[in-house]
Each structure stands twice: as structure tokens, then as C-alpha cells.
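Biologist: Could you show me the model, and then take me slowly through how its helices and chains meet?

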Amino acid sequence: MRSLDLSERPRGQGPSADEPPLLKVEGLSVHFPVGRAGFWGGRKLFVHAVEDISLEIRRGETLGLVGESGSGKSTTGRAILRRIPITTGRIWFDGQDITHLKGEALRHLRRRMQLVFQDPYASLNPRMKILDLVAEPLVVHGLVEHVRDAADKVAELLELVGLPADALDRYPHAFSGGQRQRIGIARALALEPDLIVADEPVSALDVSIRAQVVNLLQDLQERIGLAYLFIAHDLSVVRHISHRIAVMYAGKVVETADRHELYEDPRHPYTRALLSAVPIPDPRVQKQRHRQILTGEIPNPVSPPSGCRFHTRCPMAEERCAIEEPPFEEKAAQHWAACWYT
Amino acid sequence: MAKNVTDEETRAERREELIRGRPYEILRALRSALREIVSDRVGLFGVGVVGALVILAIFAPLIAPKDPAAQDLTDALKPPFWYADGDFANALGTDSLGRDILSRMIYGTRITILVGVSVVAVSGAFGTVMGLIAGYKGGRTDSIIMRVVDTQVAFPGLLLALVILAVIQPSATTVIVVLALNGWMVYARMTRGVVLSVRETPYVDAAEIVGCKPKRIIFRHILPNLTSPLLTLAVLEFARIILAESALSFLGLGIQPPQVSWGLMIAQGKDYLFSAWWLVTFPGVAISLTVLGVNLLASWLRVVADPQEREKRFAQSSTHQTGAGTGT
Amino acid sequence: MSDPAGSLLEVEDLDVRFFTRRGTAHAIRGVSMRIDRGETLGLVGESGSGKSVTSLAIMGLIKLPGKITGGDVRWKGTSLLGDSGERSLRKIRGKEMAMVFQDPMTSLNPLFTIGTQIGEVLKHHMGMRKQEARERTVELLELVGISSPEKRVDQYPHEFSGGMRQRMLIAMALACEPELLIADEPTTALDVTIQAQILELLADLQQRLRIAVLLISHDLGVVAQVCHRISVMYAGHIVESGAAEDVFERPGHPYTRGLLASTPRLDQVGSRLTGIDGSPPDLVNPPSGCPFHPRCSLVVDRCSEEMPPLEEHEPGREVACWRAFVGSVGEAAGAGALGG
């Protein structure tokens with residue numbers, strides 16, 4: 001049972017452009033059946049949770065996936081982890097097509113892709129000790145015989161995430177939200193994955209604790225070279241931790257850019273509205289900002305608007321937007337957006 | 001955290017503690033449970049009744065003053081001891097064949113326990129497994145199993161039992177089989193419900209993402225959530241089975257003489273209801289008290305197993321006692 | 001500053017405790033605050049700070065196992081505690097003082113139409129008749145920015161989205177033209193763009209109707225947008241108070257500084273988030289003296305012995321710290337990389 005050997009991992013200098021991506025998603029669509037309509041129930045209804053999206057994550061990079069409710073960001077994360085059925089599209093992980101993996105092969109994939117949950121209170125089995133919880137991945141994949149053999153490695157992992165080693169014989173209820181989230185991160189790291197999907201990992205935490213966990217994630221990335229798919233609705237946090245950001249609306253990716261580019265030169269009207277809606281904790285600055293308030297609500301995912309899904313709320317919408325969906329194109333270097341008028 | 005002991009030593013010590021620690025924890029849990037019982041009168045009554053039942057059943061030959069089947073026609077229909085012609089030899093009187101009522105009641109506990117525990121064990125085991133399979137696999141398996149449950153529930157249970165027993169030779173064994181056949185559905189439904197809700201919890205999701213196989217998920221993550229509700233359900237079912245068995249025995253389709261059952265005693269005594277009331281009353285009271293006690297035990301268990309309920313009771317009691325005080 | 005005679009709400013030395021099996025949690029200690037007509041006060045804090053409990057105590061909504069164990073709450077000079085206070089409270093609550101809660105999904109009764117629910121408030125508090133109530137309801141819905149209100153009035157809550165439901169709740173709260181609106185995390189459950197709409201609405205209403213607002217939030221951005229004054233709470237105490245702009249620019253309490261340093265700003269990126277070492281204290285066994293002292297990097301001996309009082313260290317700025325305003329803004333909080 002070798003210990004976590006940090007020297008073997010590529011140092012996290014950040015992603016390099018010429019390396020092939022660790023994760024590549026192309027044309028991904030996820031439709032959930034929700035029932036039937038029509039007089040005889042002949043027409044099947046689907047929720048178009050995710051529609052034809054493409055994205056890439058390179059080794060050691062953090063891609064922030066940001067969007068409001070109904071954007072499809074969580075569904076995307078789950079689809080990438082192969083937890084929900086994919087309607088169309090392909091996913092490649094480290095060169096391997098994982099779109100249709102099943103059974104043992106899929107279980108094997110779990111060693112390289114892990115998930116950090118949103119709810120630190122519900123994601124740890126309250127009846128299991130921390131040792132059992134963090135060692136479970138090791139036991140399940142045959143890396144250790146018994147939980148007790150993993151005690152050293154678990155202690156190491158706990159220390160890596162900033163928890164005392166004697167935490168391992170306590171139960172989750174003895175810990176605060178932030179500490180539980182660290183335990184969740186330790187569990188995700190146990191198998192030494194290449195990619196961690198973090199689904200709203202700090203939303204349920206207090207502000208001061210949030211900062212601790214965000215710093216932890218960044219430190220881990222630097223030390224171990226982890227890649228993250230950071231899914232969140234809080235654009236401030238996402239901008240802070242990500243290298244690149246993808247903005248989703250109503251199941252589609254509307255813009256993808258480097259984090260500075262996105263802020264300084266947002267191309268898609270939704271991105272602009274989103275940026276202006278995010279409150280800044282500084283009354284003076286906040287009063288001076290031009291705030292673009294969107295009217296209307298997020299569209300119904302069962303029957304999304306025709307053409308560009310954002311056209312019903314877009315201040316720049318023209319006739320064309322209601323008829324034809326704009327393609328997702330490269331508008332500037334490494335800066336993609338789907339809009340007819342930018 | 002003091003760092004004056006070397007890390008190696010502390011780590012080794014902790015691991016030892018972990019392995020040896022579990023029995024200690026169980027003991028601690030038992031002791032706190034004991035403290036809880038004593039403080040709750042209602043629960044104490046329930047536990048007392050069930051405890052007495054068990055003790056009487058196990059030690060019946062040592063406790064019962066007479067042989068329950070021994071007939072003595074000269075002593076038939078003797079009243080209880082507080083009557084003029086009663087005495088302490090037959091403290092609760094005798095029946096029409098001169099058999100001692102008290103001894104028969106004590107021996108009756110054996111049947112009560114035997115039938116109750118057996119039926120609960122068999123129907124509980126079967127029902128739980130069915131519920132587990134239905135809940136975990138879902139889809140068609142779930143539908144099929146649940147339709148079977150629904151169908152069987154729709155049949156009038158006791159009526160079915162009566163019909164079967166009227167055809168087959170009634171005995172303790174057949175009673176157990178019939179009641180078990182009738183009783184498994186409620187376990188299946190409950191288990192399925194718990195499994196379905198636990199499956200959606202993030203920690204089960206996490207276990208699957210980590211790579212756990214279904215067997216491990218069921219045993220390690222889902223099953224522990226079942227112990228508390230199953231226990232409460234089993235105890236409540238136990239009460240219901242006692243009543244059902246008494247009813248069957250009363251109708252002559254349950255326990256047969258020379259075995260003793262309280263329901264049977266009532267059947268045997270019903271013709272003497274107005275002349276020798278003690279033949280029917282004592283077994284009747286025994287049934288009532290037992291069922292009451294078991295129900296109270298179940299209700300106490302439910303509160304004890306649920307931390308939120310315990311908090312509520314604590315809050316009410318502490319503010320009652322101390323007014324606006326500072327609590328404990 | 002406005003004179004005390006003009007205060008709408010006055011909280012003096014309020015104390016609230018929760019009695020649990022584990023022990024007694026001292027949720028609020030000696031909290032005092034004042035809200036005057038037409039002003040917006042923001043109450044900021046993390047979980048366990050006591051901010052929600054404060055609003056519940058003001059509205060008389062503390063239930064077992066919690067109890068108000070000290071202090072006073074006064075509305076326009078009349079106490080709202082005790083038996084006579086209860087009577088006054090029932091008359092005021094919903095009418096002069098209204099509350100909007102966090103979760104619009106569960107705050108509305110799914111069985112009744114919006115018209116019925118808002119109408120009920122109008123009938124009960126204002127004695128309106130059915131037709132009058134309906135007209136007023138339509139007016140209110142329009143006020144909060146709901147389109148085609150005459151149609152919406154007869155719809156059920158499930159037919160609306162989260163943002164619209166929150167508007168309904170605000171409409172219901174405004175039905176009786178209250179003078180104070182208490183909003184407890186009104187936008188936390190909402191999407192960012194919807195949040196912006198609601199905050200804009202609140203600011204607009206506040207200007208037009210001149211209501212006072214007590215806004216409770218953990219989100220510094222939200223508070224920065226809407227509030228004139230803010231009070232920062234920690235472990236049941238108010239640790240800092242003052243005009244919003246001032247507090248954000250020059251925080252005097254190390255906790256406030258830490259909080260600001262932990263909040264990522266959309267317009268400033270790259271600098272590491274400092275965070276605050278450690279975790280919020282256990283309210284059943286709080287630390288001695290100042291509850292923040294175990295996490296504070298400016299701590300001295302006195303901090304663990306004596307709780308600093310909330311004093312006016314500078315005009316209009318109250319801070320509860322023995323070392324208020326000491327040091328530069330950046331160095332005050334515990335620079336935690338991997339805290340506990």
C-alpha cells in the first residue's frame with residue numbers, strides 16, 4: 001500500500017495548450033423522459049436538461065461551469081461522471097471514449113474521476129466512522145484488504161485536507177460543515193483521481209469557511225495537479241478559482257472563455273446580464289455600477305423557446321433569434337460564444 | 001492536540017482502540033438506554049410487561065404452582081382465593097375440568113411468545129427481503145412484487161386464515177404458518193419505502209460514485225437505516241399477532257388442547273361466563289395487558305430511536321420544571 | 001442622528017436561549033439595535049451568529065426549545081414582550097411590522113390561490129370586504145412587478161417560479177402598509193438574476209413607500225447593495241455597527257475584516273482569499289470573554305478574560321473589541337490556508 005506520492009504527479013503549473021485535453025465532451029445532450037401528453041398519451045415529453053454542449057478540460061486546469069437553476073450544469077457534471085444516461089454525444093477521458101462504458105470498466109473509471117458533493121451534511125453516512133468513510137474507496141477497489149490497513153493512508157489524507165489525524169475514529173456529526181466538506185474531499189482524493197467534479201462544493205458553507213475550502217482546493221491543485229470541473233452558481237467564487245469559465249443557460253453553453261476575458265469582454269448578452277447581477281461587497285462600487293436587470297423567468301425545460309433559448313429575455317433580440325439557433329463559434333482567441341450579434 | 005507523544009505511537013494506539021472500541025460503545029449505548037427507560041414511566045410499563053412475559057414463558061415449569069393439564073373433577077369451577085370457598089392452592093380458581101387457572105395462564109405465555117416471535121421472525125424476514133429487492137432493483141421487479149403485495153393485502157386475512165385452518169389440521173405450527181403468510185406484506189412495504197428514500201440520499205450516491213458494488217451498498221449503507229423502523233414495526237406486529245392467535249384459538253382453529261393458549265381458555269370458559277366469571281376474565285385481562293404493554297413498548301422505542309423526538313420531550317420537560325430557567 | 005422618539009423599533013439588551021439535551025445554547029446575548037423610519041438596516045452574520053433568531057424574537061416567533069430570557073423589544077415605545085406585550089404584538093404583527101422569509105417555496109400555502117392568501121391578510125387586519133380586498137390585491141401584485149395581475153390573482157403558488165413567489169410574499173407583507181419590513185435572507189434561495197430583480201424591487205419600494213427594512217443576510221454583496229447601515233453579528237453578539245459604506249471601507253472589528261477578506265469579489269481576482277481560521281463557536285460552551293478570540297490574530301490576554309462592550313469608537317461607528325481599528329485592514333484576520 002503505497003502512500004500518496006506527490007512527486008510522481010505532474011506539478012500543477014496550470015494547463016498547457018498543446019497537451020491533449022484530459023476530458024473532452026462533444027455534442028452532449030441529456031433528455032429526461034417526464035411523461036406523456038396528447039389526447040391518447042401518444043406524445044412523449046422530455047426535459048431537455050442539456051442540449052448539444054461541448055467543452056474541454058486540460059490536466060491541472062479548473063473549468064468553472066456556471067449557470068442558474070435550470071441551466072443544466074449539475075446534469076452535465078453527472079453525465080460526465082456517467083451517473084445518468086446520455087441521450088446523444090460523446091465523452092472522452094484521457095483519450096478513451098467513455099460514453100458507453102458499463103459494469104467493471106465503468107467502476108474502474110471511478111478511480112480516475114471523483115465527485116465532491118454540495119451538501120456536507122448528507123453526503124457522509126452518519127453511521128460510519130471517518131476512517132471507514134475515507135477508506136471505503138480503497139477497500140472497494142481492492143487496494144487494501146481491510147479498513148484497518150488503510151488507517152495510515154487515511155490519516156495522511158486527513159492531514160492533507162487540514163484535519164487532525166485523530167478525526168478518523170469519530171463520526172461525522174462531531175464535525176462542522178466545513179470540516180465535513182474536507183472529509184468529503186479527502187474521500188474523493190483517496191483513489192488519486194485525475195479529475196474531480198465539484199458540484200457546488202461551497203454553497204452550503206459559511207463565507208469564512210468557504211474561503212478555507214476554496215483555498216484548500218487550489219492548494220491541492222497546485223500540489224497534486226488535479227483538474228477540476230467546478231460547478232457553481234456563484235460567479236464570484238467561480239471566477240476566483242477557475243482558469244476558464246463556461247456559462248450555461250437553459251441547457252446550452254452560451255459562452256466559454258478564460259476568466260479574465262469573460263469578465264472584461266463578455267460577448268453573450270446573458271453573460272453580461274449575469275455579470276451585472278452579481279452583487280459586489282462594496283457599497284460605493286455597487287452604487288456606481290450599471291446594472292442590467294433581466295426581465296422574465298428562466299424558460300420551461302420541457303418546451304424551450306425556439307431558436308436561441310435566450311431570445312425571450314434578451315435585450316438585443318431580433319427576429320432571427322427566434323427562428324434560428326446561433327452556432328457556438330470562436331469569436332476571439334479561445335473565446336467562444338453562441339450569439340448572432342457579437 | 002498535544003504533540004508530546006510521538007505520532008507513530010498515537011496512531012498505533014488509536015488503531016488498537018478502534019478495534020477494541022466497539023464492544024465498549026455498545027455497552028455505553030445499553031447503559032444510556034437503561035437510564036432512558038427508567039425515567040419514562042410509560043415505557044417502563046411496556047418494558048415491564050414484555051419482560052414479565054418472557055420470564056414467565058421461560059421459567060413456566062418453575063413458577064407455575066400446578067400442572068396445567070392436571071384434571072381434578074372434584075375441584076372443578078373453584079372460585080379465586082378471595083372467595084369463601086377459594087384457597088391459595090388454586091389462587092385464581094379452576095375451570096370446568098378442575099385445572100388450575102393460574103398455572104394455565106402462566107403456561108399460556110409460552111404459546112403467546114412462541115407464536116408471536118415465530119410469526120414475526122418468519123414474516124419479517126421474508127417481507128424485508130422482498131421489500132429490499134423491490135426497492136433496490138426497481139423497475140419491473142418492483143412492480144411485480146408490489147402487485148403481489150397489493151393482491152394479498154386485498155384478501156381478507158383472517159378469513160383466509162380461517163379457511164385454511166378449517167381445511168388443514170389446526171395446531172401451533174399451522175397457526176404460525178398461516179399468520180406468517182398473512183403478515184409479511186407490511187414489512188415489504190415499509191422496507192421498500194425506506195430503501196427508496198435512502199437510495200436518494202447523497203451518501204448512498206457517494207458510495208456508488210466511489211465504486212461500491214450493489215451488495216455493499218445494501219448491507220453497509222441501506223440496511224442500517226432499517227433497524228429502527230423494523231424493530232418498531234416488529235413489536236407492533238407482535239401485539240397484533242397475539243390478538244390474532246387468541247381469536248383463532250377462541251374459534252377452535254388455533255391451538256388445540258392439551259396445549260394452553262389464552263384464547264383457548266376463553267373459548268373453554270365462555271359457557272360459564274355468568275356462573276364462573278374467572279374462567280374468561282383472567283385470560284382476557286392477560287391478553288389486554290400484554291397487547292397494551294407491547295404497544296407502549298413500541299411507542300417508547302419509536303421515541304428513543306429518533307433523536308428529534310427526544311429533543312422535543314426534553315425541551316418540554318425542562319421548561320416545565322424550571323420555568324424560564326437555565327435548563328440543565 | 002435621529003432622535004430616539006422617532007425610532008420605530010428598539011431592541012434593548014435582548015437575550016435568547018435554547019434549551020437542549022446537550023446543554024443551553026445562548027443564541028443571542030445583550031443585543032441592542034434601533035431602526036428609524038425609512039432606513040434600511042442590514043444584519044450580517046454567518047450561521048450561529050444569531051441574526052435569524054433576532055428577527056424571530058422581534059416578531060415574537062421564538063418557540064420551544066427557545067425562549068426570550070432577557071431584554072426588551074419596543075415598537076414605537078411600547079414593549080412587545082410579556083403578556084401585555086403579546087397583545088400589542090398580535091395587533092402589530094402583519095400590520096405595522098411584516099416579515100418575509102427565506103424560502104418562498106414553503107412559505108405559501110399550496111392549497112389556496114394567491115388572491116385568497118393575500119385577501120385573508122387584508123380582511124383580517126384591514127377589515128376589507130371581498131371585492132375591495134381583491135382590488136387591493138391586484139394593486140399590490142402590480143406594485144411588486146407581476147405582469148397581468150388580474151389573471152395571476154386566481155392562480156396557485158405552484159404555478160409560479162421562485163422569483164415570482166418571493167414577490168408574492170413581499171406583496172403579502174406590504175398588504176397592510178407596514179412601517180417595517182423584516183426580510184430574512186429574502187434572496188438566498190433565488191438565482192442571481194432573479195435576486196437582482198428582487199433587490200431592485202426592495203430598493204424601489206423602500207424609496208416609494210418609505211418603509212424601514214431590516215435585511216438579514218450572510219451575503220455581503222446583497223447587504224452592500226441595499227442597506228444604509230449595517231450591524232455585524234458573531235456568536236450572538238453584535239460586534240460592529242455603522243453606516244454601510246464606512247464599515248465596508250474601514251472595518252473596525254477583526255471579524256468584519258476577516259469576513260470581507262473571505263468574500264470573493266467579482267471585480268478583483270487573483271489575490272488569495274484569506275478566510276478566517278477555525279470554526280464558529282459552540283453556543284452551548286462558548287469561549288470565555290470575546291467569543292471571537294480563538295480565531296482572532298489580534299488577540300491579547302484581555303480578550304479571553306473580558307467581553308468587550310459595544311462602544312462608539314468613532315462617531316457613528318460602534319465596535320465591540322479591545323483592539324478596534326488596530327492595524328491595517330489586510331492583516332487583521334487569521335490568514336488561514338488550511339484552517340480547522
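**Helices and chains in contact**

Modeller: In this predicted model, A:Ile130, A:Leu133, A:Val134 and A:Pro137 of α3(A) meet A:Ile183, A:Ala186 and A:Arg187 of α5(A).

Biologist: What makes the residues of this contact nonpolar, polar or charged, and how many are there of each?

Modeller: Ile, Leu, Val, Pro and Ala count as nonpolar and Arg counts as charged, so the contact of α3(A) with α5(A) divides into six nonpolar, no polar and one charged.

Biologist: Why are α3(A) and α5(A) called roughly parallel to each other?

Modeller: The axes of α3 (residues 130-140) and α5 (residues 177-189) of chain A come within 7 Å and cross at roughly 30 degrees. Angles under 35 degrees count as roughly parallel, and therefore α3(A) and α5(A) are described in that way.

Biologist: At what angle do α4 and α7 of chain B pack, and what is the hand of their crossing?

Modeller: Helix α4 (residues 101-137) and helix α7 (residues 172-199) of chain B pack at about 35 degrees, with their axes 5 Å apart, and α4(B) passes α7(B) in a right-handed crossing. By class, their contact has 23 nonpolar, nine polar and two charged residues.

Biologist: How many residues of chain A are in contact with chain C, and which helix of chain A gives the most to that side?

Modeller: On chain A, 40 residues are in contact with 41 residues of chain C. The helices α6 (207-224), α7 (235-241), α9 (269-277) and α10 (283-288) of chain A each supply at least two residues of that side, and α6(A) gives the most, with 10 residues.

Methods
Residues numbered from 1 in each chain as written. Chains lettered and ligands numbered in written order. Predicted model: local features only at pLDDT ≥ 70, side-chain atom pairs only at ≥ 80, totals over all residues. Contact = placed C-beta atoms within 7 Å. Helix = DSSP H or I, 4+ residues; strand = E, 2+ residues; numbered from the N terminus. Axes fitted to C-alpha atoms, helices over the stretch in contact; angles between N-to-C directions. Parallel < 35°, antiparallel > 145°, perpendicular 65-115°, else oblique. Left-handed = near helix turned anticlockwise from the far one by under 90°.
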